[in-house]
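These are my notes from a first look through a structure that was new to me. I wrote down each thing I looked up, together with what I found.

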Protein chains: 2
Amino acid sequence: MAARILDGTAAAQAIRAELAPRVRAFTERAGRTPRLGIVLAGHDPGSEIYVRNKLKTAGEAGIVAELVRIPEEAPVEEVLAAVAALNARRDADGILVQSPLPEAMGADAETRVLDAIDPAKDVDGFTPANVGRLVQNRPGLVACTPAGIMELLSREQVAIQGARAVVIGRSDIVGKPMALLLLHRHATVTICHSRTRDLPAVARTADILVAAIGRPGFVTPEFVKPGAVVVDVGINSVSDEALVRRLLPPDSPRLAAFAKRGSLTVGDVHPSVSEVAGALTPVPGGVGPLTIAMLLANTVAAAEARLRA
Amino acid sequence: MAARILDGTAAAQAIRAELAPRVRAFTERAGRTPRLGIVLAGHDPGSEIYVRNKLKTAGEAGIVAELVRIPEEAPVEEVLAAVAALNARRDADGILVQSPLPEAMGADAETRVLDAIDPAKDVDGFTPANVGRLVQNRPGLVACTPAGIMELLSREQVAIQGARAVVIGRSDIVGKPMALLLLHRHATVTICHSRTRDLPAVARTADILVAAIGRPGFVTPEFVKPGAVVVDVGINSVSDEALVRRLLPPDSPRLAAFAKRGSLTVGDVHPSVSEVAGALTPVPGGVGPLTIAMLLANTVAAAEARLRA
């Protein structure tokens with residue numbers, strides 16, 4: 001029996017619909033729309049797509065999103081100056097600096113830029129102050145992808161309290177905040193990673209399994225307890241045909257799309273997991289849309305909090 | 001066979017000995033000794049003992065520790081003013097506000113006070129900024145008890161990479177930072193708590209088991225995989241004779257101390273765990289002395305960083 005599909009697109013749509021009256025109320029009270037400043041340095045093709053998506057979705061939600069472009073070859077100081085200008089602007093509620101920054105800006109560029117963002121406007125939830133507040137289970141801006149997953153689990157009425165949760169991946173932007181959010185909802189949480197011994201056996205203890213490692217099709221049925229809820233955070237672009245054939249059943253309609261475009265977006269979870277899991281987020285259409293919806297939700301929350309302050 | 005005893009007193013002594021040349025070097029370069037400001041509001045008997053210990057140990061390490069007393073009935077603003085004064089003082093390197101604050105100061109007093117401490121002087125590692133830096137595995141001031149446990153494990157050459165670690169307890173000052181520190185040393189970490197189902201079975205998966213729940217003798221042999229390293233963070237004062245008799249073997253020399261004083265300090269781990277564990281921190285003489293040693297280490301590190309800045 002195939003797993004129930006946890007529809008991220010529908011949940012994201014519902015989240016955005018619930019934001020609409022809040023955006024209207026804010027606009028009325030503040031005399032202006034909420035505003036998000038996006039800083040994009042260079043021309044990374046993936047970043048261009050993400051940013052275009054964010055601008056479009058924000059606009060549809062009644063949020064003014066403004067793109068600040070920094071030349072590829074500029075020093076990191078130009079990004080810092082753009083952040084400082086957005087920090088200072090009274091009508092800017094959210095600030096997002098698109099990752100990755102150009103390599104030439106130096107290994108510590110991302111950290112320097114993050115540390116410069118006013119935590120009250122940090123809609124990605126990446127600044128140390130917001131991460132610390134998350135650990136302490138205090139109100140604050142939480143990283144969009146894990147926050148979106150919590151929204152999805154909640155809307156799909158997945159029982160979290162007392163559940164065993166296993167998070168594969170320990171990144172700052174997904175794995176660690178995800179583990180903390182599940183912990184605060186009273187799951188018993190295990191964080192796994194590349195050094196974990198007998199990873200499939202550990203993963204099989206999970207009632208809720210979150211895969212956030214960036215390896216196409218890595219999580220196979222042997223990782224999954226029958227009936228478990230599996231959340232696939234991976235967004236991997238695959239252009240290797242042999243790999244695509246290992247990841248898709250021979251009758252998959254997505255093979256035609258691959259033949260046409262030469263690449264395919266696949267998750268960290270192998271499609272055959274659907275035969276074992278109780279519920280599963282698809283890729284695409286699972287976690288991805290939720291991330292952008294939560295970016296908008298964070299922007300509205302930041303705008304509201306700034307109005308109260 | 002009884003477990004190897006992990007001697008926290010000896011490790012703490014070694015940590016303090018290693019600080020001595022750093023204190024001397026700082027004092028020479030800065031023209032003054034490192035300085036720690038301790039703010040104590042009210043007269044909680046436990047706090048009085050802790051603070052006395054901290055003052056004494058700091059003095060022995062060549063650190064000037066200054067006690068700022070706030071009356072029990074004072075408003076929280078007086079604590080905030082004391083913190084602001086220490087933030088502003090150029091010769092104050094570390095600031096510590098002893099918990100708990102008097103109840104009359106309000107439910108949000110601890111949070112307000114913590115948020116007021118300059119993160120560069122936050123030698124308890126409790127401010128959101130330092131907690132966030134810990135999550136991001138960046139240099140910063142880390143909560144003393146978990147930092148001390150990592151020092152002990154390291155000095156006792158306990159293998160952490162690839163080990164299964166289980167932390168029982170999810171407090172902001174021990175459980176959560178402990179889990180993060182073990183994770184960054186490449187353990188596979190599980191955090192358990194009061195809602196965890198079948199806690200003994202989960203605990204038995206641990207190569208390294210940390211008990212930080214504040215319940216005397218809670219961790220019994222059924223929680224422990226044979227040969228595991230068990231770290232007992234509990235410091236529980238017990239005055240119930242029946243409980244003491246359940247916690248100590250009938251021939252324990254500590255029974256005489258209990259008869260004399262009417263109370264006894266016991267850990268979260270039942271002494272019979274010693275028959276199953278491979279290694280065990282005693283109470284007293286385990287984690288307790290390490291916490292104070294790390295407070296001094298954090299003070300020296302803060303002083304050094306402020307001299308560089």
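Which residue is the bridge partner of Arg4(B) in E11(B)? I looked this up, keeping in mind that I am working with a predicted model, and found that the partner in E11(B) is Ala279(B). The two strands concerned, E1(B) and strand E11 (residues 279–280) of chain B, run parallel and are joined by two bridges.

I found an open sheet of twelve strands with mixed pairing, in the order E1(A)-E11(A)-E8(A)-E7(A)-E5(A)-E6(A)-E6(B)-E5(B)-E7(B)-E8(B)-E11(B)-E1(B). At its edges I noted strand E1 (4–5) of chain A and strand E1 (4–5) of chain B, each of which has a single partner strand, so one side of each is left without a neighbour in the sheet.

Next I turned to the place where the order passes from E6(A) to E6(B). Here E6(A) and strand E6 (residues 188–192) of chain B pair in the antiparallel sense, over three bridges, and within E6(B) the bridge partner of Ile191(A) is Val189(B). I also checked what lies across this part of the sheet, and found that H7(A) lies across strand E5 (164–168), E6 and strand E7 (208–211) of chain A together with E6 of chain B, running at about 170° to E6(A).

How many residues of chain A are in contact with chain B? I noted 25 residues of chain A, in contact with 25 residues of chain B. The elements that give two or more residues to the side of chain A that touches chain B are helix H5 (128–135), helix H7 (175–184) and strand E6 (188–192) of chain A; of these, H5(A) gives the most, with seven residues. Sorting that side of chain A by class, I wrote down nine nonpolar, ten polar and six charged residues.

Last, I looked at another sheet, in chain A, where three strands form an open sheet in the order E3-E2-E4 with parallel pairing. Its edge strands are strand E3 (64–70) and strand E4 (94–97) of chain A, each pairing on one side only, and neighbouring strands of this sheet are turned by 20° against each other on average, with direction ignored. Strand E2 (residues 35–41) of chain A is joined to E4(A) by four bridges, the two running parallel, and Ile38(A) stands opposite Leu96(A) in E4(A). Helix H3 (residues 76–88) of chain A packs on the sheet and touches E2, E3 and E4 of chain A, while its direction makes about 175° with that of E2(A).

Technical notes:
Residues are numbered from 1 along each chain as its sequence is written. Chains are lettered from A and ligands numbered from 1 in the order in which they are written. This is a predicted model: local features need pLDDT of at least 70, side-chain atom pairs count only at pLDDT 80 or more; totals for chains, interfaces and linings use all residues. Two residues are in contact if their C-beta atoms, placed from the backbone, lie within 7 Å. Ala, Val, Leu, Ile, Met, Phe, Trp, Tyr, Cys and Pro count as nonpolar, Asp, Glu, Lys and Arg as charged, and the others, Gly among them, as polar. Two strands pair if DSSP finds at least two bridges between them. Axes are lines fitted to C-alpha atoms, for helices over the stretch in contact, and angles run from 0 to 180 degrees between N-to-C directions.
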